[in-house]
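Please look through the sequence and the model shown here before reading the notes that follow.

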Amino acid sequence: MTSPIVIAGGGPVGMCLALRLFQSGRDCVVLEAKAQGAYYQDHRALALSQASKLMLENLDVWSRIPAVTPINSIHVSQKGSFGRSVLRASDYDMAALGYVLSYGHLMQAIDQVLSEYADKSQAAKITIHYDTEVQQIIPNNRNTELHIQQGGQAQTLTTALAVLADGGRSLKDIPGIERINKEYGHHALVCKVAAELAHDGIAYERFTPMGPVALLPNGEREFSLVWTGETAGIEPLLELSDDVFLAQLHQHFGDRVGRFTQVQKRICFPLKLSYLSPVTAPHLVVIGNAAQTMHPVAGQGFNVGLRDAWELAELIMQTDEVNLGAASFLQTYQASRQQDTQRGLKFTDFLVRFFSNDIAGLGGIRSLGLGLFDALTPAKAHLIRKMSFGSKG
Ligand SMILES: Cc1cc2nc3c(=O)[nH]c(=O)nc-3n(C[C@H](O)[C@H](O)[C@H](O)COP(=O)(O)OP(=O)(O)OC[C@H]3O[C@@H](n4cnc5c(N)ncnc54)[C@H](O)[C@@H]3O)c2cc1C
């Protein structure tokens with residue numbers, strides 16, 4: 001089992017990289033710890049930008065996603081103040097500001113494309129090994145070694161370019177790469193809810209002293225809820241009966257969509273900001289959530305990860321096999337992604353810190369800030385461009 005390019009982690013970012021490489025005629029091997037289809041039941045909502053939609057269209061994935069809900073407007077407000085800002089797609093001649101879909105549906109669509117590619121005899125090949133866990137990655141100046149477990153057997157693989165896209169969960173120490181972590185001491189509770197009023201394609205982002213709460217339109221009448229706050233305030237929400245939970249959500253979020261009428265399974269996870277410095281080592285590039293994990297407040301995580309995959313694929317296409325993973329290749333990749341990633345990290349961190357505290361006086365400034373921002377059309381257009389297309393937008 002070998003290839004000049006080995007991708008460790010077959011989540012959406014790793015698989016999109018594999019598809020793009022295939023389109024450009026380059027072979028690769030993907031190593032995925034889980035079984036095929038294990039993620040189809042993951043209902044996590046992803047908010048995708050226009051640029052992400054374009055990339056998924058190019059990969060032939062977009063039209064196969066079973067359900068996509070467009071976001072026509074984003075309503076940003078702050079609890080306890082009158083300041084608010086509304087961003088509307090129609091004001092910027094856009095079909096939508098973004099799109100909401102489930103992680104499981106995205107993985108299903110990706111797998112469909114992969115199986116069609118496998119059926120055709122093509123110049124390039126994607127070889128996927130499911131139930132295969134990468135346990136250690138050792139980069140050196142000639143290649144990268146991957147130590148893997150497959151069917152109870154240990155194996156070692158060497159490759160000119162290893163791409164780590166494991167979501168940041170498994171591999172801790174890679175020589176020469178430092179992980180910087182910032183714990184917020186906050187958790188996010190996510191679930192689907194239904195409300196009395198139709199969503200009309202409006203996404204709500206509400207900043208409260210407890211933490212931001214987002215409602216994304218997802219499906220005909222439902223919303224995906226992301227309710228964040230200090231761990232001690234969020235974890236007990238899991239224990240409440242559905243009725244009490246819905247009543248507390250109404251009290252916390254306010255009356256914009258009426259009362260909440262239904263809730264599906266609630267899950268909770270810790271929030272952190274975490275990134276690698278640098279994101280490369282000799283013959284190794286780290287992409288997606290493995291390279292940077294953001295607070296979900298601005299829905300940027302997958303979008304930034306997809307741009308990592310896209311730009312890496314573009315660079316691979318321009319590089320001869322002998323130069324894959326060499327110093328100049330790594331420098332070019334790092335330079336091309338640094339600004340976009342840092343902007344995404346700083347923006348989400350700013351939103352969390354500025355809007356989620358109770359410091360006396362800040363409330364008025366925030367309220368004024370949102371009101372002013374609403375009146376400043378160029379500022380809104382700039383924000384929408386950056387959120388849609390990243391730092392190069
Ligand atoms: C609740 C929640 C809400 C979110 N909302 C949004 C949003 O609205 N918009 C947005 O853009 N982003 C959002 N994100 C972030 C988004 O889910 C991630 O950015 C995205 O999943 C990253 O994709 P990835 O492929 O890098 O990592 P992952 O999706 O984590 O995939 C990693 C893959 O690697 C595999 N793997 C792990 N370890 C190993 C190993 N050792 N060997 C082999 N394979 C391995 C895993 O099984 C998995 O398939 C959200 C995240 C969460 C948790």
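In what order do the 6 strands of the open sheet stand? The order is 8-2-1-12-20-19, and the pairing is mixed. This is a predicted model, in which local features need pLDDT of at least 70 and side-chain atom pairs count only at pLDDT 80 or more, while totals for chains, interfaces and linings use all residues. Residues are numbered from 1 along each chain as its sequence is written, and side-chain values use heavy atoms, with hydrogens and water left out.

- Helices (H or I, at least four residues) and strands (E, at least two) are DSSP runs numbered from the N terminus, and two strands pair if DSSP finds at least two bridges between them.
- Strand 8 (126-129) and strand 19 (280-281) stand at the edges of the sheet with a single partner strand each, so one side of each is left without a neighbour there.
- Strand 1 (residues 5-8) pairs with strand 2 (residues 28-31) in the parallel sense over 3 bridges, and V6 has V29 of strand 2 as its bridge partner.
- Helix 1 packs on the sheet and touches strand 1, strand 2, strand 8 and strand 12 (161-164), its direction making about 160° with that of strand 1; contact means heavy atoms within 4.5 Å, and the angle, on a scale from 0 to 180 degrees, is taken between N-to-C directions of axes fitted to C-alpha atoms, for helices over the stretch in contact.

**T159**

- T159 belongs to strand 11 (residues 153-159) and, at 2% relative accessibility, counts as buried (buried means under 20% relative accessible area, exposed over 50%, and partly exposed in between, with a 1.4 Å probe and protein chains only).
- The side chain of T159 reaches the backbone oxygen of P4 at 3.0 Å, and a polar atom of this side chain lies 3.3 Å from the backbone nitrogen of L161.
- Leaving aside residues up to four places away in sequence, T159 touches S3, P4, I5, V6, N143, T144 and L146.

**Salt bridges**

- The whole structure holds 11 salt bridges, where a salt bridge is a side-chain nitrogen of Lys or Arg within 4 Å of a carboxyl oxygen of Asp or Glu.
- R20 forms a salt bridge with E314, with the closest N and O atoms 3.0 Å apart; R20 lies in helix 1 (residues 12-23) and E314 in helix 6 (residues 301-317), so the pair ties together parts that are 294 residues apart in sequence.
- R20 counts as buried at 16% relative accessibility, whereas E314 counts as partly exposed at 26%.
- R337 and E311 meet through their side chains in a salt bridge of 3.8 Å, N to O, which links helix 7 (residues 327-355) to helix 6 across 26 residues, and both residues are buried.

**Aromatic pairs**

- A search of the whole structure finds 7 aromatic pairs, counted when the ring centres of Phe, Tyr or Trp (its six-membered ring) lie within 6.5 Å, with planes under 30 degrees apart called stacked, over 60 edge-to-face and the rest tilted.
- The rings of F22 and Y117 are stacked, because their centres are 4.1 Å apart and their planes are at 15°; F22 is in helix 1 and Y117 in helix 3 (residues 103-119), 95 residues apart.
- F253 and F260 form an edge-to-face pair, at 6.1 Å centre to centre and 70° between the planes, and both are buried.
- Y204, F223, F253 and F260 are linked into a cluster by ring pairs.

Methods:
Polar contact = N/O pair within 3.5 Å; in protein donor to acceptor, adjacent residues only side chain to side chain.
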